[in-house]
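Hi everyone, thanks for coming. I'd like to walk you through one structure today, going from the overall picture to a few residues. Have a look at the screen.

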Amino acid sequence: MGANCACDLVNSFSSINKLVLLGTERKYLESKYSILHIKGSNDLVLSSTSSKSETLNEDTNQSNNTISHVIEGGNHAGFAHYGPQMFPRPDGDRTITLEDQQKITVNLAAEFLLDNSRK
């Protein structure tokens, strides 16, 4: 839900040129933004009708400005501290620690946001 709001809101600010999305399947992003799209390999909250690789390929094909990354062993709930996710379907089990998933996420996001070659 937060990613949906971010995608809608980003169009209101002309100074924004990068967007980091965590655990989302949002599809309509405009190519004028550089996007880092991070998912967990065990995220079962996302649509169960397509595989992670199919979803990432759709994202990559949509925009040349999208970088997709899958955190091996990560799940949907691992992007925050709100406990197990049960809606719209139960989340998969995380096989890495919460701390590791969040460190990987922070490092990927910082590297992306600080990279001045991507605008």
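Predicted model: local features only at pLDDT ≥ 70, side-chain atom pairs only at ≥ 80, totals over all residues.

Now the overall layout. The chain has three helices and three strands, and if you follow the sequence, they come in the pattern α-β-β-α-β-α. There are 119 residues, of which 36% count as buried. As for contacts, take those with a separation of 6 or more: 54% of them involve residues 24 or more positions apart.

Let's go inside. As a general rule, in soluble globular proteins nonpolar side chains tend to be buried together. Which residues make up the largest nonpolar core here? There are seven: Ala3, Cys7, Val10, Leu19, Leu21, Tyr33 and Ile35. Helix α1, residues 2–9, and strand β1, residues 18–22, each contribute at least two residues to this core. Apart from it lies another core, this one with five residues, including Ile38, Ile71, Phe79 and Phe112. Back in the seven-residue core, alanine 3 is in contact with Leu21 and Thr24, if we leave aside its neighbours within four places in sequence.

Next, the outside. Leu9, Phe13 and Ile16 form a nonpolar patch on the surface, and together these residues have about 260 Å² of accessible area. Isoleucine 16 sits in the loop between α1 and β1. Why does isoleucine 16 count as partly exposed? Because its relative accessible area is 31%, and partly exposed covers the range between the 20% limit for buried and the 50% limit for exposed.

My last stop is glycine 78, in the loop that runs between β3, residues 66–71, and α3, residues 98–114. Is glycine 78 buried or exposed? It is buried, because its relative accessible area is 0%, and buried means under 20%. Which residues does glycine 78 touch, not counting those up to four places away in sequence? They are Arg94, Leu98, Gln101 and Gln102. One distance to finish: glycine 78 and leucine 22 are 56 residues apart in sequence, while their C-alpha atoms are 10.0 Å apart in space.

That's my tour, and I'm happy to go back to any part of it on the screen.

Conventions
Residues numbered from 1 in each chain as written. Heavy atoms only, no water. Helix = DSSP H or I, 4+ residues; strand = E, 2+ residues; numbered from the N terminus. Buried < 20%, exposed > 50% of the residue type's maximum accessible area, 1.4 Å probe, protein only. Contact = heavy atoms within 4.5 Å. Core = buried A, V, L, I, M, F, W, Y, C linked by side-chain atoms within 4.5 Å. Patch = residues over 30% accessible without salt bridge, like charges linked within 9 Å, V, L, I, M, F, W, Y side chains within 5 Å. Areas by Shrake-Rupley, 256 points an atom, 1.4 Å probe, with all protein chains shown as cover. Salt bridge = Lys/Arg side-chain N within 4 Å of Asp/Glu carboxyl O.
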